[in-house]
Every structure is written in structure tokens, then in C-alpha cells.
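Please read this briefing beside the structure shown below.

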Amino acid sequence: MVGSILMGYGPNYTILMLGRCVAGIGVGFALLIAPIYSIEISSAKSRGFLASLPELCIGIGILLGYVVNYLLGKLSLKLGWRLMLGIAAIPSLALAFGILAMPESPRWLVMQGHLGKAKKVLLQISDTEQEAELRFKEIKIAVGIDENDLEKMVKPPKKNNGEGVWKELVVRPSYPVRWILIAAVGIHFFEHATGIEAVMLYSPRIFKKAGVTSKDKLLLTTIGVGITKVFFLLMATFLLDKVGRRRLLLVSTGGMICSLLVLGFDLTMVDMTQEELLWALALSIVATYMYVAFFNIGLGPVTWVYSSEIFPLNLRAQGASIGVAVNRLTNAAISMSFISIYKTITIGGAFFMFAGISILAWIFFYFFLPETKGRALEEMEMIFSKNNKGNVTTEIDITPNTRHKPNLWPYHPHDDPCLQHIHKSTNKRKKEHNIKYNTTYSITETSMIHYTISLHTYNAITKPDSNIIMPYAEKVTPSLSHICLVPFIYHNIMELGNKEHNGSTYATACAIVTSMISIIFGYDTGVMSGAMIFIKEDLGISDTQQEVLAGILNICALVGSLTAGRTADYIGRRYTITVASILFMVGSILMGYGPNYTILMFGRCVAGIGVGFALLIAPIYSIEISSAKSRGFLASLPELCIGIGILLGYVVNYLLGKLSLKLGWRLMLGIAAIPSLALAFGILAMPESPRWLVMQGHLGKAKKVLLQISDTEQEAELRFKEIKIAVGIDENDLEKMVKPPKKNNGEGVWKELVVRPSYPVRWILIAAVGIHFFEHATGIEAVMLYSPRIFKKAGVTSKDKLLLTTIGVGITKVFFLLMATFLLDKVGRRRLLLVSTGGMICSLLVLGFSLTMVDMTQKELLWALALSIVATYMYVAFFNIGLGPVTWVYSSEIFPLNLRAQGASIGVAVNRLTNAAISMSFISIYKTITIGGAFFMFAGISILAWIFFYFFLPETKGRALEEMETIFNKNNKGNVTTEIE
């Protein structure tokens with residue numbers, strides 16, 4: 001109200017701005033509280049409808065604004081716009097008093113201890129007294145109050161008054177809260193980053209650009225936008241609880257992508273000709289309306305419903321406020337920069353950019369946002385929990401008791417009387433408790449059974465408690481050949497539900513420190529792309545010398561990687577990292593000194609050998625200290641750190657590029673010696689890989705390390721036994737020091753790997769070599785190393801702008817690598833690979849097309865420049881969410897223990913060789929077949945990569961390192977999988 005009065009008065013710009021600021025603060029309050037209040041008073045079955053009403057009302061308000069613009073636009077200039085802005089004070093005043101007649105949120109009342117008032121409100125807003133009672137109990141449990149407490153007023157738990165909320169949200173969030181926060185921030189960011197503010201606020205300008213010039217017609221078209229928004233918001237309110245949030249989001253975002261591409265194309269065609277293109281005008285209007293329609297049937301309303309309902313009760317208000325803050329910040333960034341953006345890259349290019357962001361949004365929604373339709377607010381943490389959104393999972397290893405009936409082994413799952421009883425009782429139990437039972441058995445060559453029982457709760461009332469599990473344990477007689485399963489299931493599920501998993505923090509810390517070596521390598525790669533601009537000018541080197549300088553690193557890395565495998569087996573994983581750090585330090589000092597091309601090349605060679613060591617040892621160390629459930633995350637950290645290093649290199653290029661020519665590039669290259677020296681000493685405080693220690697016979701030391709990096713003593717013991725069995729040591733050997741089997745010291749490894757490999761090892765080697773080859777054959781090195789040259793070819797000429805665009809590439813790389821680290825253990829290696837490679841194919845085709853268009857004309861095509869930049873960023877994004885990190889995780893985890901270091905070294909050697917071939921020949925290739933043709937070639941290779949990954953690479957997610965040979969076996973022998981529903 002106050003903001004509207006000030007804006008309506010508005011004698012000058014200062015008062016107008018003050019009124020706008022006051023109204024803006026009101027907007028922040030309204031955007032947060034309206035959906036939260038709606039969420040908290042509604043039941044699960046109608047929550048989507050009621051919580052989407054605020055967004056619908058925003059649409060109605062926007063439409064009213066457009067109509068008022070049209071009606072009052074006919075008044076005098078001084079009066080018209082003031083009335084438009086000031087008239088909102090009247091309904092604001094009425095609402096301020098009217099809202100006092102409304103009931104308070106029952107959930108907030110319970111948080112404050114007002115149980116009597118809360119129950120009274122619930123009776124008013126529920127269909128039946130039973131429903132009100134059930135909701136009342138659920139809220140009390142969520143808040144931390146005894147569900148049987150009958151007092152009308154109680155003292156609320158301390159945490160519900162706001163204390164420690166930010167600590168729980170941001171500083172030390174639990175696993176579900178972390179993912180909830182990521183989901184909320186992500187959906188709010190993408191709501192505006194996909195361009196809705198540009199369309200809604202600047203629609204008159206868009207239509208004017210398309211050819212609508214009359215003020216009246218411009219205002220009428222914007223009224224059409226408002227009507228479209230309201231109509232589809234109205235549809236969405238009814239669809240949210242019927243179709244679901246997730247499905248609406250994906251359909252909505254997909255439609256937005258198509259609409260934005262059409263709109264970008266139309267406006268680009270309008271820009272390229274002086275004639276009035278009526279078809280382009282019509283198509284622009286239709287595409288705009290289609291975009292608004294798709295946005296408002298999904299992303300618009302779902303953002304506010306979803307982000308308001310997913311937070312736990314005690315974190316809801318402040319958690320949602322973070323989402324709203326991100327929403328407003330993104331909104332402000334787009335609305336305040338849209339005109340500048342489209343003047344720089346054309347209005348068509350701006351909408352191509354929004355289409356690219358929308359593709360990223362679709363990927364984010366697909367992987368990070370589970371369905372919440374029909375689930376109680378108190379269930380949301382379970383949906384976002386680590387074990388597959390609401391699954392309670394436990395794994396038990398049971399060895400046979402052969403003293404009673406040895407003839408019954410090998411064991412078949414259907415012989416288990418425990419499981420026979422579960423199988424008979426499941427259908428009845430499923431109906432009674434609404435539960436799905438999913439049981440998997442995996443019989444390995446070590447005669448060990450892995451049982452996994454998963455319980456999925458589809459109803460808020462159902463909980464995995466003793467009423468459901470224990471009847472089986474009471475009625476089943478244990479088998480003579482093995483231990484009865486069910487009592488252990490009950491015990492482990494209960495223990496799992498109550499346990500905090502903090503034991504793997506040390507393993508994570510070790511993996512992070514180890515990954516620092518990858519930051520140095522990434523920095524060396526990234527900084528060289530900018531440094532070469534200055535080196536060429538200072539030393540006067542030719543294009544051929546520049547290619548050799550770029551590629552020699554990888555030739556030497558080839559030598560380093562082949563040497564590193566044997567070194568890692570001989571001196572250990574930890575000391576191999578120290579050797580790599582020293583090599584980086586020496587190489588950096590030589591390159592920083594660099595008085596001439598020869599010394600520069602020598603320093604690059606030494607650093608290259610260090611690269612070979614780092615690329616091999618960092619993922620192997622991370623793989624060997626991690627458990628199966630976190631292996632993808634920890635083993636992808638080196639690749640993430642490479643991305644961070646590349647980004648740091650780009651930033652340093654930009655900062656030090658302003659120094660004198662002779663000093664700037666030398667500092668860029670030499671500064672890496674400092675962290676290399678620090679790491680060389682720091683790594684000595686780290687533990688050695690327990691698997692390498694067992695290979696050397698140091699069982700006592702290995703067990704000590706496993707106890708440090710495992711969640712429980714039982715897990716450490718199980719991992720210890722599995723490693724001993726894999727190495728060939730008796731699992732019951734209790735000695736602290738034993739003589740290792742001869743083959744574990746490196747003898748005969750090449751014979752087992754290359755000369756006479758077993759069937760699984762042959763396919764493991766093919767998989768490792770193939771994935772390493774395709775990682776660079778698909779063109780990533782050309783994009784990362786020569787991105788300044790690509791952007792220059794597309795039309796960016798200023799050195800500062802060239803370096804800034806490469807910083808953008810680095811930021812994109814790091815962001816998507818960070819996403820990949822969390823997705824690897826959740827989505828799986830294979831699925832990420834296929835999605836990633838598919839996206840790379842599309843991006844490379846677009847990049848090839850746009851650069852070909854630049855080559856074919858003498859004019860400056862701004863749309864092609866914009867499309868080239870967007871396609872480059874899209875390619876980097878798709879590469880780094882899949883193929884980049886998966887290559888190193890996958891190739892490091894699939895080899896058997898005694899072949900791992902030297903097997904992985906073959907993959908790294910192929911990787912460096914391919915890298916060198918691309919980086920040393922890219923300039924020559926694109927001069928021969930054009931730069932567009934080069935990227936069409938990479939697109940073709942990417943298609944071959946997709947086919948290879950599809951047919952040759954099985955999934956390894958969640959499997960123990962000791963199981964990998966089984967996965968690659970001819971018929972996948974030894975695995976028995978049964979599902980009981």
C-alpha cells in the first residue's frame with residue numbers, strides 16, 4: 001500500500017524509486033508467505049491446487065495490469081501512469097484488514113506449542129474429524145512433540161523457535177536437507193533464468209522488434225499475453241494434483257525450449273532483412289504465446305508449490321526464503337540486463353541463450369526433482385533421502401554353515417524357508433500395509449550371498465516398524481544350511497533408520513586432498529590456452545610451434561602414465577602422488593623462467609610427465625579408499641578439481657594478462673610451483689591405500705586404515721575380508737604381516753592384461769581403452785584449449801572479451817562437474833554417459849553449423865556468434881556432466897586389484913595420446929576442412945562413442961570393486977536376481 005501511494009504520487013525519479021523499493025520488499029514477503037500458508041492449511045490430496053492459487057492470482061494481477069495500461073493509457077501523460085501505479089493501494093488496504101479474519105497456520109501453531117488452537121483450526125479445514133486427528137498427530141511428530149500429548153499448551157522444542165535453523169540449512173545440513181535446498185534453489189533459479197521476465201516485462205519491445213509499431217496494438221498484444229498466462233495457470237491449478245509436479249515440469253520445460261528456439265529464429269530473420277516479414281511477425285507472436293502457455297502450465301506454478309512443500313516444518317519458512325531470494329536475484333539480473341544482452345548478441349541470440357538455459361533446466365529437473373504429489377508434508381525428507389527416496393535398504397552378508405548339510409551348497413534363493421514365507425505372505429502384507437518388497441541376491445565366486453531388502457512406503461501412515469517385519473521372524477524356522485535371514489533384516493533396518501553416517505568423512509577428506517594434484521594439472525591446461533596468446537607475441541612462434549607446445553604435454557603424459565602404473569605398485573599410491581607434485585613443481589619453475597622456446601618446451605615436458613602420474617593415481621587412490629556407495633562421488637573429485645584448476649587458469653589469464661608482455665605469461669605458468677611444493681609435503685600425512693597395503697602383505701596397517709575410512713567396524717571387517725580374498729590371502733588370516741602372493745608385486749601383470757587375458761579382463765581392457773579414446777576423440781581438448789580461437793573465429797576480437805568468454809567455459813565446466821559428482825552414485829555411470837554423449841552430439845552439430853555460417857559470409861552475423869557461444873557452453877556442460885568424470889571413475893574401478901594400476905595406466909596412455917593428437921592437429925584440421933567441418937567431424941565421432949558405450953559398457957554403480965570381473969563375465973555368471981512383490 002505504501003509503495004503504491006509513493007509511486008502514484010511520484011513527482012520525480014527518486015520518489016518513484018523509493019516507492020518501487022518499498023513495494024519490492026512487500027513482493028518478497030508476499031512471494032514467500034502466500035504459498036507457504038496455502039501449503040500448510042491444505043491436505044496432501046488438494047495441496048497442489050491450493051498452493052498454486054497464489055501463482056494464478058499473480059497471473060490475474062498481471063492481466064489486470066495490462067488491461068489498466070490499455071484503459072488508462074488514453075488519459076493525459078502526467079495522470080495516466082500515476083493512476084496505473086497508485087490504484088493498487090486500495091485493494092492492499094482492504095486485504096490488510098480482511099486477512100485478520102483468517103485462521104493461523106496449524107503447523108505454525110504447533111511449532112509455538114499452541115496445540116489447542118492448532119487442533120481447532122485442523123477441525124475447520126479437514127473433511128472429517130479422523131483426518132484432522134491424523135494430520136494433528138503427524139504435525140506433532142514432525143515438530144518433536146509427543147503425539148499422545150493432550151495438553152492445549154506445551155513448551156515447544158527449542159529448535160522450532162528459529163534457533164540453529166541456518167546451521168541445519170546451510171552450515172551442516174543432513175543429506176536430505178542438502179538435496180532439498182539444492183532442489184529449491186535450482187527450481188527458483190531456472191524459473192527466471194529461462195527468460196520469463198524478459199518476455200513478460202519486455203513483450204511490447206519484442207512485438208515492436210517483430211514489426212508491431214502502433215501503441216494500441218502493442219498494448220493489446222500484451223493483454224493477449226496476460227490472458228494466455230491466466231488461462232494456463234488456471235489449467236495448472238487443476239492438473240498439479242492430478243498429473244503431478246514432476247511430469248508438468250518436464251513437459252512445460254520441453255515446450256518452452258521449442259518455443260524459445262522458434263522465437264529466436266523468427267527474430268533473427270527479422271534482424272537479417274530490411275523487409276517486413278509478416279510470417280515472421282505472426283510466428284513471433286505465436287511463439288511468445290506458446291512460451292507463456294508452457295511456462296504457466298508447469299514451471300511457473302510448480303516452482304512455488306514445490307519449493308514451499310519440500311522443506312521440513314522447522315526449516316520451511318527460512319528455507320523457502322532462500323529460494324525466494326534466489327528467485328528475486330535472478331529476476332532482477334534478467335530484467336536489468338535483457339536490453340544490454342540483446343543489443344550485444346541480438347534479440348534472436350538472447351532467446352537462443354534462454355533456450356540453452358532451458359535445456360539445462362530440463363536436465364536439472366529430470367535428475368534432481370522427485371515427485372511429491374499426494375505425499376504428506378512430513379514425508380518430504382524421506383523422499384529426498386539417500387536410499388532412493390523413501391527406501392529403507394540394508395545389506396547382509398551370510399556365509400553358509402556347511403557343518404550341517406554341505407550337500408545343499410551351492411545355495412539357491414528359492415530354497416530359503418525364510419524367503420518362502422515372505423513370498424507367500426507378501427501379497428497379503430502389501431495390501432494391508434501398502435508396501436513393496438524388492439529382494440535381490442547376488443551369489444559370487446567366493447560363496448557369499450548378498451541380500452538386499454527394500455521397503456518402499458507409499459502411504460504416510462505406513463512405517464517400517466516391528467508390526468510389519470517381526471511376524472516373519474517369529475514364524476520361520478532357520479535353514480540348516482545357512483542362517484535365517486529375517487531377524488537380521490529387522491535388526492539392521494532398525495539400526496539403519498536410527499544411525500548417523502559420519503565415519504566416511506575421513507575418506508572424503510583424503511580424496512579431496514588427493515584431488516588437489518588434479519587442480520594443479522587443470523590449472524596448467526587452462527592457463528596455457530590464454531598464455532599462448534602472449535607467448536606467440538613475445539617469442540614470435542609459428543602456428544606449428546604453438547601446436548607442438550600445446551600437445552607435447554600429452555606426449556610426455558603418455559610416458560608418465562605408463563611409468564606411473566608400475567611406480568604406484570612398487571612405492572605405493574601415496575608416494576606416487578608426491579612424485580607427481582615434485583614433477584609439476586619443477587616443470588612450473590622451468591616454464592615460468594622460460595627465456596626461450598627450448599626451455600619452455602623442456603618445462604612443459606617435465607610437467608607433462610607429472611600430468612601422466614596425476615591422471616593415473618588420483619582416481620585410483622580415491623577409488624581404493626572409498627566404499628561402493630560413495631565411490632562414484634569420491635572418484636569423480638579429481639575430474640571436478642581439474643575443472644576448478646582450468647577455471648583458475650582462465651581467471652589468472654585474465655588478471656595477469658594486464659601485466660607487461662614479458663612478465664605476464666611467465667607468472668601465469670610459474671605460479672603453479674607453490675601449491676605443488678605444498679602438496680608434495682602435505683600428502684605425506686595421508687594414509688596409504690588399504691588395498692595396496694594388503695597387496696604388500698601389510699594386513700595390520702590395512703585394517704587400521706579401513707577402520708578410519710569405514711562407517712562401522714563391521715563394514716571395515718567386511719571390506720577387509722573382500723580385499724584379502726581378491727588378493728589371494730586367506731580371509732581368516734589374523735597375522736599383521738604376511739608374505740604377499742607373487743603376482744601382487746607386479747610380476748606377470750602385462751601377460752595377464754595383454755598377452756593372455758581372461759575373457760572378463762579382455763572386455764575390461766576394451767572398455768577402459770575405448771572410453772579413454774572417445775573422451776578426447778570427441779573434441780573436448782579442441783574446445784578447452786582453443787576456445788579463444790573459436791570465439792575469435794565467431795566474431796569476438798577483443799583480448800579481454802576472449803579471456804572472459806573462456807572464463808565462462810571454465811565456470812560451466814566446474815558447475816556441471818559438481819552436478820556430476822552427486823549424480824554418479826545416484827543415476828549411475830552408464831545412464832550419465834549416454835545422456836551426456838547424446839547432448840554433445842547435438843551441441844557439436846549446432847556449433848559446426850554456426851561456424852560454417854560465419855565462414856560462408858563476409859558480414860558480421862551476431863546470431864551466429866551467439867549460437868556459437870551457447871553451443872560451446874552446451875557442449876562443455878554435457879561433456880562434464882557425463883563423459884568427463886565417468887571416464888576416470890569407470891576406468892579406475894573396473895580392473896581387478898592386481899591389474900588395476902597398470903591396467904589403468906594403459907587407459908591413461910591412450911587418453912594422453914588421443915589428447916595430444918587432437919591438440920597438436922586441430923589448427924591444421926580446421927584449416928583443411930574449415931572450423932565448422934572440424935566440429936561436424938567430432939559430432940560423427942561422438943555418434944560412434946554413443947554406440948560403443950551402449951553395447952560395451954555395463955553399469956557398475958553400487959557394486960564392490962571385487963565384483964567387477966563378474967559384471968564383465970560372458971553370461972554375467974554368478975548373479976541370481978529375484979524380485980518379490
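This is a predicted model: local features need pLDDT of at least 70, side-chain atom pairs count only at pLDDT 80 or more; totals for chains, interfaces and linings use all residues.

Residues are numbered from 1 along each chain as its sequence is written, and side-chain values use heavy atoms, with hydrogens and water left out.

**α26 with α41**

- The axes of α26 (residues 597-625) and α41 (residues 900-929) come within 10 Å and cross at roughly 135°, which makes α26 oblique to α41.
- Axes are lines fitted to C-alpha atoms, for helices over the stretch in contact, with angles from 0 to 180 degrees between N-to-C directions; those under 35 degrees count as roughly parallel, over 145 as roughly antiparallel, 65 to 115 as roughly perpendicular and the rest as oblique.
- Helices are DSSP runs (H or I, at least four residues) numbered from the N terminus, as are strands (E, at least two).
- On the α26 side, Val 611, Gly 612, Leu 615, Leu 616, Ile 620 and Glu 624 meet Arg 900, Ala 901, Ala 904, Ser 905, Val 908 and Arg 912 of α41, contact meaning heavy atoms within 4.5 Å.
- The residues of this contact of α26 with α41 comprise seven nonpolar, two polar and three charged, where Ala, Val, Leu, Ile, Met, Phe, Trp, Tyr, Cys and Pro count as nonpolar, Asp, Glu, Lys and Arg as charged, and the others, Gly among them, as polar.

**α41 with α42**

- Helix α42 (residues 931-952) packs with α41 at an angle of about 120°, their axes lying 6 Å apart, and that makes α41 oblique to α42.
- Contributors to the contact include Phe 922 and Tyr 926 of α41 together with Phe 935 and Phe 938 of α42, and by class the contact has ten nonpolar, one polar and no charged residues.

**The largest cavity**

- About 180 Å³ of space lies in the largest cavity, a cavity being a set of points, on a 1 Å grid over the protein atoms alone, where a 1.4 Å probe fits but cannot get out, and lining residues having an atom within 4 Å of a point.
- Its volume is the space filled by probe spheres set on the points, which are joined across faces, edges and corners.
- The largest cavity is lined by 18 residues, with Phe 521, Ile 642, His 776, Glu 781 and Arg 912 nearest its centre.
- Nine nonpolar, four polar and five charged residues make up this lining.

How values were computed
On a 1 Å grid over the protein atoms alone, a cavity is a set of points where a 1.4 Å probe fits but cannot get out, and a pocket is an open set with protein on both sides within 12 Å along at least five of seven lines; lining residues have an atom within 4 Å of a point.
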